[in-house]
Amino acid sequence: MSACSPKFDWRDYRSPDAQFTALFPGKPAVLTREIDLDGKKVSLTMTASEVDGNTFAIGSAALDSTEQAQAALPAMKMALLKNINGVVRSEKLASAASNTTTGGHQRSSLSVEATGIQQGKPVLLVGRFVAQDKRIFQVIILGEESQLSRDTIDTFLDSVKLD
């Protein structure tokens, strides 16, 4: 029956404050909460939707410096892995610097795929953590691996555009 597989209702979303656009598989909710990134308190705004227990989320925050943003990437990854007692399957780090007429921009990203346990069930975590100048983003999918096709994962991750 159709209850066995998620029904995705992809819709465009433009964040009013966090400078990103993405396709979410359902109407996203927005929540801001304070998190601890290696001893630094940060207000993280999460935009997320959930379909059949699978979460698709984008978190963003502004930090005081480019250096703090860069240092936040591994801290965000470790916090999420800790939440699910995760084991990393694959990980990739990338960085780039660009110069425009308005100045230079620095961008680093850390991508991770991990498995773990949440509420007693095995889960798959696919995450991309991005530092862009003083802003950080975490783009994550968390859910039951059998319900998350590679197409679904790619549709969400590929749709995310950081302004």
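This is a predicted model: local features need pLDDT of at least 70, side-chain atom pairs count only at pLDDT 80 or more; totals for chains, interfaces and linings use all residues.
**A hairpin and a salt-bridge network**

In the hairpin formed by β8 and β9, two residues lie between the strands, and Asp 133 takes a positive phi near 55°.

Strand β8 covers residues 121-132, and strand β9 covers residues 135-143. The two run antiparallel and are joined by nine bridges. To locate one of these pairings in the structure, the reader may look at Gly 127, whose bridge partner in β9 is Ile 140. Strand β8 is also mostly covered, since nine of its 12 residues are buried.

The structure holds seven salt bridges. One of them links Arg 11 with Asp 9, and the closest N and O atoms of this pair are 2.5 Å apart. Both partners are partly exposed: Arg 11 has a relative accessible area of 32%, and Asp 9 has one of 42%.

Another salt bridge joins Glu 113 to Arg 89, with 3.3 Å between the closest N and O atoms. Because Glu 113 lies in strand β7 (residues 103-118) and Arg 89 in strand β6 (residues 87-100), this pair ties together parts that are 24 residues apart in sequence. The surroundings of the two partners can be described as well. Glu 113 is buried, its relative accessible area being 13%, which falls under the 20% limit for a buried residue. Arg 89, by contrast, is partly exposed, with a relative accessible area of 43%.

Arg 89 has a further partner to consider. It also forms a salt bridge with Glu 145, and here the closest N and O atoms are 2.8 Å apart. Which parts of the structure does this pair tie together? Arg 89 lies in strand β6, whereas Glu 145 lies in the loop between β9 and α2 (150-159), so the contact ties together parts that are 56 residues apart in sequence. Glu 145 is partly exposed, with a relative accessible area of 36%.

These contacts belong to a wider arrangement. Through salt bridges that share partners, Arg 89, Glu 113, Glu 145 and Arg 150 are joined into one network.

Conventions
Residues are numbered from 1 along each chain as its sequence is written. Side-chain values use heavy atoms; hydrogens and water are left out. Buried means under 20% relative accessible area, exposed over 50%, partly exposed in between (1.4 Å probe, protein chains only). Helices (H or I, at least four residues) and strands (E, at least two) are DSSP runs, numbered from the N terminus. Two strands pair if DSSP finds at least two bridges between them. A salt bridge is a side-chain nitrogen of Lys or Arg within 4 Å of a carboxyl oxygen of Asp or Glu.
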